[in-house]
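Here is a briefing on the structure below. It covers helix packing, the chain contact, overall dimensions and backbone geometry.

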Amino acid sequence: MQVIPSEERAAHEELQPIHHEPKSFFFKYLWSLDHKMIGRQFLWAGLGFLLVGGLLAMMIRWQWAFPGKPVPVLGSIFLRSQGGAIGPATYMTIFTMHGLIMIFFAITPVLIGAFGNFLLPLQIGARDMAFPWLNALSFWTFALSLVFVILSLFGELGAAGAGWTTYPPLSTNVGTPGSGQTWMVAAVFVTGVSTIMGGINYVTTVIRHRAPGMTWMRLPLATWGLWLTAILNVLFVPVLGSAALLLLLDRLFGTQFFIAGATASVSGGGDPILFQHLFWIFGHPEVYILILPAWGIVSDLLSFFSRKPANWYRGTVYAMIAVCVLSAMVYGHHMFLTGFTPLLGQSFMLLTLIISVPAELLFLNWLRTVWQGSIRLTTPMLFSLGMLFVFGMGGLTGLYLGATATDIYLHDTMFVVGHFHLTMAAASFVASLAAIYFWFPKMFGRRMNETLGKVHFWITLVCLVTVFSGQLLAGYSGQSRRLYDPYQYTFLKHLLGVNRVASYAAFLLLFAQFIFIYNFIRSLIAGEKAESNPWQVSTLEWFTASPPPYHNYDRIPTVLRGPHEFADPEVRRRLGRDFIGQAEELPEAMPPAVASAG
Amino acid sequence: MIGAEAMSVIRYRPRGAREQATAWIGMVIFLGSWAMMFAALFFSYGMLRARLPVWPPPGTPPLPRLLPGINTLIIGLSSVAMQRGLSAARRAQAAAVLPAIAAGFLLGLAFLSLQFVLWTGLWRAGLRPEGGAYPSVFYGLTAIHAIHVAVGLGGLGWLLTRAFFHAFGPARNLGLRLWTGYWHFVGAVWLLMYLTVFLI
């Protein structure tokens, strides 16, 4: 066992002194510098907008099941001028806002904003982020972008309506005039700035503030996932930022970066395809930005609830790093139909398919972690296993879209929609729920109801799979995405049944989320009080109080071992339990109290 | 194998130094991130230019080279001044810090003013943003860069007031160091912009 010099411990204590907890409402709840409070702020904001995005999804599903019929409840509130029904232009704004809100203002804040903030300092044994002030600024910049989203929803000529990808020329003034689109592009830029601030903080914090003994290969896998995500964010969100800036210049100041053809001036316009390059140089890493935290969290949870160390921890870390590197080199597979040379298309296809190698490695590690474990089917474990299932479906359908031969047929069909919903909406969402159920006791000091959680899980999983399988089927049969009324086409008429079944499943999915909301709020108020380590796991955050004090740790822990210390016979002999904390010293012999109890 | 004492001497510097190193790492990560933003802008320029058969398109006024060339020198000198201010602070020559920062600030101001002259001149010559890709690249890239210069000038102005009260010394120069780093970054981006947008 290596010895940590006491100077190092002293240096960490000195670098991160204990600050007094602020007492005023403003500094405690609004401009809080505490990463745990900022994490909770992100969680509330993200969950709120998750509901908004979910309601928008319900309106899309209604339109596909009952095209042109008045929408119950929502229609009478928001669409009164159209008699409660969704018109074609409104339909455009609904799917656009659904996509943008879900990606940038729901999943990103919940997975990265909330759990990144809450977990990173705790899991590495730090008292706070490296730059607490920047962290608070990051949240309030995000809040500003939410104001822009709301302004967009009530913009003249409706909200943004150029699709979540915001492709020009549709997204320029030529295609979508009106302030709604402008506000939304500005919102994406501002939320990008917020993400970069957060990313700088996360990357620096993990480099500088790891507790003594917390080597890179002892970091919990959730921390690895979040840290790699932060690196991708810092590198690639700026590219989206510059695309948004140029689009704003086009919309507000009359430049012509993305306007071409008849709408451009004679002296040579810009290039709409340029936007696609910029968008996907960012966009493909973004796919992994949304799934890497989920991978990390699930890797940890599978080990915790199988009561076994994660299988080949280093392999999982290397695979995640490999995915990060590869993710920067595959963006062209979104653009096979833009007139690439076939050579470029084939190169992108090859690189894309190579990603399945590290992805398979992760999968095998997860399966081998669960294999022969003493599985505890708690709610977080169910959601982790569910994530494996939906992510497996999403990954396998991705192969068809990565290969040019099949993508040319499937491009822009509902198959694509089904595929990326299975990865981003199903896998990331299910992993977020796993994380919420798992860390709820640490965040709020109370436990959630397990029975309601399991009911929530089964309805959610079955419905998610039904909804998105329906999309895969419809797409494979030729239904293009973003169609206002697919049944105008004779060859799609017979798909009404499939789409209706998927829509009913979607409505049931929404219903299941109300079980979650009820459980969440009830547990916040009246849940059973949580002890410090209710799940009996070994990472650092479970060895401080629930919820942790303002300064996280009275003494900065000295880390002695990796994050998944389960089923060690020596630990069982000396401590009488199947796990030992990362910073817990192993006593020389079994204490007499435990010996007599055993 | 080195003993614990020796290790502590090598690895553990006083607290101020450790915090400063953390802040510096954060600044480097930020600049790396922002470099990607500018890289995307240069990528856009390259792609738009590659698409057009003639650059600049016929009938558009060519961009001047002399004025932005002088401006490149000015922002370069400004960077040098800031660096001298920083090394003066490190050598505890408090009297030399203030004039260096003042020079850096004034040269930065001169840069922005000359940019303004450049824009108005070309505007009067008939180059408008709505004139296609060529003026879009010129106005878009220089304007986005100028916003960064303006932010830097804000920082330099803040340093100036602090230097007036002799705030910088060998151990206390973090703000100066971070803003000087940012200022070098903005200067380097301008150099690249001058080479690509104006010269070639």
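Predicted model: local features only at pLDDT ≥ 70, side-chain atom pairs only at ≥ 80, totals over all residues.

**Helix α16 of chain A**
- After α16(A) comes A:Gly478. The phi of A:Gly478 is positive, near 110°.

**Packing of α8 and α9 in chain A**
- Helix α8 covers residues 221-253 of chain A, and helix α9 covers residues 272-306 of chain A.
- Their axes are 8 Å apart, and the packing angle is about 160°.
- Angles over 145 degrees count as roughly antiparallel. α8(A) and α9(A) are therefore roughly antiparallel to each other.
- The crossing of α8(A) and α9(A) is left-handed.
- Sorted by class, the contact of α8(A) with α9(A) has 24 nonpolar, 6 polar and 2 charged residues.

**Packing of α9 and α13 in chain A**
- Helix α13 runs over residues 379-402 of chain A. Its axis and that of α9(A) come within 9 Å and cross at roughly 125°.
- That angle makes α9(A) oblique to α13(A).
- The crossing of α9(A) and α13(A) is left-handed.
- On the α9(A) side, the contact is made by A:Ala294, A:Val298, A:Leu301, A:Leu302 and A:Phe305.
- On the α13(A) side, A:Pro380, A:Met381, A:Ser384 and A:Met387 make the contact.
- By class, the contact of α9(A) with α13(A) divides into 8 nonpolar residues, 1 polar and no charged.
- An α-helix has 3.6 residues a turn, so residues three or four places apart point the same way.

**Contact between chains A and B**
- In chain A, 40 residues are in contact with 36 residues of chain B.
- On the side of chain A that touches chain B, the elements giving two or more residues are α1 (6-15), α7 (179-208), α8 and α9 of chain A.
- α8(A) gives the largest share of that side, 12 residues.
- By class, the side of chain A that touches chain B has 23 nonpolar, 12 polar and 5 charged residues.

**Chain B overall**
- Chain B has 6 helices and 0 strands. Its pattern along the sequence is α-α-α-α-α-α.
- The C-alpha trace of chain B spans about 70 × 40 × 20 Å along its principal axes.
- The radius of gyration of chain B is 21 Å. For a compact globule of 200 residues, the value would be near 16 Å.

**Backbone geometry in loops**
- The peptide bond from A:Pro168 to A:Pro169 is cis, with omega near 0°. A:Pro169 sits in the loop between α6 (132-153) and α7 of chain A.
- A:Leu157 is also found in the loop between α6 and α7 of chain A. This residue is not a glycine, yet its phi is positive, about 60°.
- In chain B, the peptide bond from B:Trp55 to B:Pro56 is cis, with omega near 0°. B:Pro56 lies in the loop between α2 (15-51) and α3 (66-90) of chain B.

Methods. Residues numbered from 1 in each chain as written. Chains lettered and ligands numbered in written order. Axes fitted to C-alpha atoms, helices over the stretch in contact; angles between N-to-C directions. Helix = DSSP H or I, 4+ residues; strand = E, 2+ residues; numbered from the N terminus. Parallel < 35°, antiparallel > 145°, perpendicular 65-115°, else oblique. Left-handed = near helix turned anticlockwise from the far one by under 90°. Nonpolar A, V, L, I, M, F, W, Y, C, P; charged D, E, K, R; others polar. Contact = placed C-beta atoms within 7 Å. Rg over C-alpha atoms; globule rule 2.2 N^0.38 Å.
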